[in-house]
Amino acid sequence: MHGKYGERLGIIWLDAHPDISTPDVFYNEHAMVLGNLLKAGDPVLAEKVQHPFAAKDILYVGLQTPTPDEKTILEGLGIDYQVQDQARIAPKEIQAWLKKQQFTKVVIHFDLDVLDPNEFRMLYFSEPGVTEYSAAAGKMSLLEVKETMEAIAEQSKIVGLTIAELLPWDVQNLKNLLYDFEIFR
């Protein structure tokens with residue numbers, strides 16, 4: 001997409017986490033995706049990016065407090081960010097950012113963990129029986145995400161959308177329940 005649209009393309013990273021980690025800090029690739037798009041992150045995958053983005057091309061929406069390692073990496077990459085644990089970036093602010101950057105096209109990364117796990121249950125943070133996690137849960141409502149996406153679409157054309165980290169615990173529980181019955185084999 002960046003090769004196709006160039007400087008007209010921005011990224012809205014709708015996520016509770018920055019996803020700029022490296023293999024030295026965290027072993028899961030899903031925590032390095034944005035870093036890879038910046039030619040950082042996992043060196044093997046980052047090397048494959050033909051049209052990397054710059055720090056100025058990214059706006060985080062719904063970001064929770066990064067870990068100390070993530071803060072260091074964000075600073076090193078020069079990414080300007082705002083922790084949104086009390087309130088999200090308002091739709092009008094997102095539109096103003098898109099307009100200021102002159103992004104007529106936008107790609108959205110929608111990591112479902114940006115949502116409040118009390119409202120949306122198919123998340124890592126809604127795993128049955130687990131109450132403590134090593135990462136911060138999101139705080140946005142479904143309505144806030146809808147308003148955010150509507151505002152983006154009003155200002156710029158959405159040309160790409162990823163949806164990440166759907167974890168349907170109840171489906172897994174149902175599968176486990178029915179696994180031993182011959183009819184399901």
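Which of the 20 residues in the largest nonpolar core touch the most other members?

Modeller: This is a predicted model; local features need pLDDT of at least 70, side-chain atom pairs need 80 or more, and totals for chains, interfaces and linings use all residues. Numbering runs from 1 along each chain as its sequence is written, and side-chain values use heavy atoms, without hydrogens or water.

Now the core. Ile12, Ile94, Leu98, Phe110 and Leu115 touch the most other members of the 20-residue set. Two terms matter here. A nonpolar core is a set of buried Ala, Val, Leu, Ile, Met, Phe, Trp, Tyr and Cys residues joined through side-chain atoms within 4.5 Å. Buried means under 20% relative accessible area, exposed over 50%, and partly exposed in between (1.4 Å probe, protein chains only).

β1 (9-14), β2 (58-61), α5 (91-101), β3 (105-111) and α6 each give at least two residues. Helices are DSSP runs of H or I with at least four residues, strands are runs of E with at least two, and numbering starts at the N terminus. Apart from this core lies another one, of 17 residues, including Ile11, Trp13, Ile20 and Phe53. In soluble globular proteins, nonpolar side chains tend to be buried together.

Take Phe110. Leaving out residues up to four places away in sequence, Phe110 touches Leu14, Leu115, Val145, Met149, Leu161, Thr162, Ile163 and Ala164. A contact here means heavy atoms within 4.5 Å.

Next, α5. Pro91, Ile94, Gln95, Trp97 and Leu98 are its buried residues. Seen down the helix axis, they fall within an arc of 160 degrees, so they line one face of α5. That arc is taken from the directions between the helix axis and the C-beta atoms. The cover over this buried side includes β1, β2, β3 and α6. Turn to the face of α5 that points away from its buried side, and there are the exposed residues Lys92, Lys99 and Lys100. Just after α5, Gln102 has a positive phi of about 60 degrees.

Trp97 also belongs to an aromatic pair. The whole structure has three such pairs. The ring centres of Trp97 and Phe103 are 5.3 Å apart and the planes meet at 55 degrees, so this pair is tilted. The rule: rings of Phe, Tyr and Trp (its six-membered ring) pair with centres within 6.5 Å; planes under 30 degrees apart are stacked, over 60 edge-to-face, the rest tilted. Both partners are buried. Trp97 counts as buried because its relative accessibility is 15%. Phe103 counts as buried because its value is 3%.

From α6, look at Thr148. This residue lies in the helix spanning residues 142-155. Its relative accessible area is 0%, so Thr148 is buried. Beyond residues up to four places away in sequence, Thr148 touches Leu14, Val61, Arg88, Pro91, Ile94 and Met140. Ile94 is also one of the core residues that touch the most other members.

Lys105 sits in strand β3. Its relative accessible area is 17%, so this lysine counts as buried. Leaving out residues up to four places away in sequence, Lys105 touches Tyr5, Arg8, Leu9, Gly10, Ser156, Lys157 and Val159. Lys105 and Arg8 are 97 residues apart in sequence, yet their C-alpha atoms are 5.9 Å apart.

One more helix, α4 (residues 68-77), has Glu70, Ile73 and Leu74 buried. They cover an arc of only 100 degrees around the axis, so they sit on the same side of α4. Those buried residues pack against β2. The face of α4 turned away from its buried side carries exposed Pro68, Thr72, Glu75 and Gly76. Gly78 follows α4, with a positive phi near 75 degrees.

Finally, the setting. The protein has seven helices and four strands. Along the sequence they run α-β-α-α-β-α-α-β-α-β-α. The C-alpha atoms fill a box of roughly 60 × 35 × 35 Å along the principal axes. Of the 185 residues, 42% are buried. Among contacts between residues at least 6 apart in sequence, 66% join residues at least 24 apart.
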